[in-house]
Amino acid sequence: GTLVVVTTSLIAYPDDTGRYAVPDVPAGSYRLKIWYRDGWLERPADTVEIGAKGKTEFNPKVASLAPGKK
């Protein structure tokens with residue numbers, strides 16, 4: 001899947017271990033959604049807060065990898 005930072009041009013793809021990284025994100029509040037194959041995963045968007053140090057761990061709970069509505 002692809003991690004999308006809503007209303008920005010920021011996206012991330014998983015590395016070989018399945019982790020995502022979005023470098024150089026300014027401090028603030030961001031909504032995240034997950035795109036899988038050809039649709040959004042059917043789950044609410046998550047909100048994360050990026051602090052002044054610029055690093056935040058985020059572990060979304062994904063029950064199924066079935067795409068949601070297009």
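β1 and β3 run antiparallel and are joined by four bridges, where strands are DSSP runs of E with at least two residues, numbered from the N terminus, and two strands pair if DSSP finds at least two bridges between them. This is a predicted model, in which local features need pLDDT of at least 70 and side-chain atom pairs count only at pLDDT 80 or more, while totals for chains, interfaces and linings use all residues. Residues are numbered from 1 along each chain as its sequence is written, and side-chain values use heavy atoms, with hydrogens and water left out.

**Strand pairing**

- Two bridges connect β3 with β4, a strand of residues 39-40 that runs antiparallel to β3, and the bridge partner of Tyr36 in β4 is Gly39.
- The hairpin of β3 and β4 has two residues between its strands, and in this hairpin Arg37 takes a positive phi near 60 degrees.

**Nonpolar core**

- The largest nonpolar core has 11 residues, among them Leu3, Val25, Tyr30, Val48 and Ile50; such a core is a set of buried Ala, Val, Leu, Ile, Met, Phe, Trp, Tyr and Cys residues joined through side-chain atoms within 4.5 Å, with buried meaning under 20% relative accessible area for a 1.4 Å probe and protein chains only.
- β1, β3 and β5 each supply at least two residues of this core, and the largest share, four residues, comes from β3.
- Val25 touches Leu10, Tyr30 and Ile50, leaving aside residues up to four places away in sequence, where contact means heavy atoms within 4.5 Å.

**Largest pocket**

- The largest pocket holds about 740 Å³ of space; on a 1 Å grid over the protein atoms alone, a pocket is an open set of points where a 1.4 Å probe fits, with protein on both sides within 12 Å along at least five of seven lines, and its volume is the space filled by probe spheres set on the points.
- Its lining comprises 27 residues, of which Leu3, Tyr20, Ala21, Thr56 and Phe58 lie nearest the centre, a lining residue being one with an atom within 4 Å of a point.
- β1 (2-5), β3 (28-36) and β5 (46-50) each contribute at least two lining residues, and β3 gives the most, with four.
- The lining divides into 18 nonpolar, five polar and four charged residues, with Ala, Val, Leu, Ile, Met, Phe, Trp, Tyr, Cys and Pro counted as nonpolar, Asp, Glu, Lys and Arg as charged, and the others, Gly among them, as polar.

How values were computed
Buried < 20%, exposed > 50% of the residue type's maximum accessible area, 1.4 Å probe, protein only.
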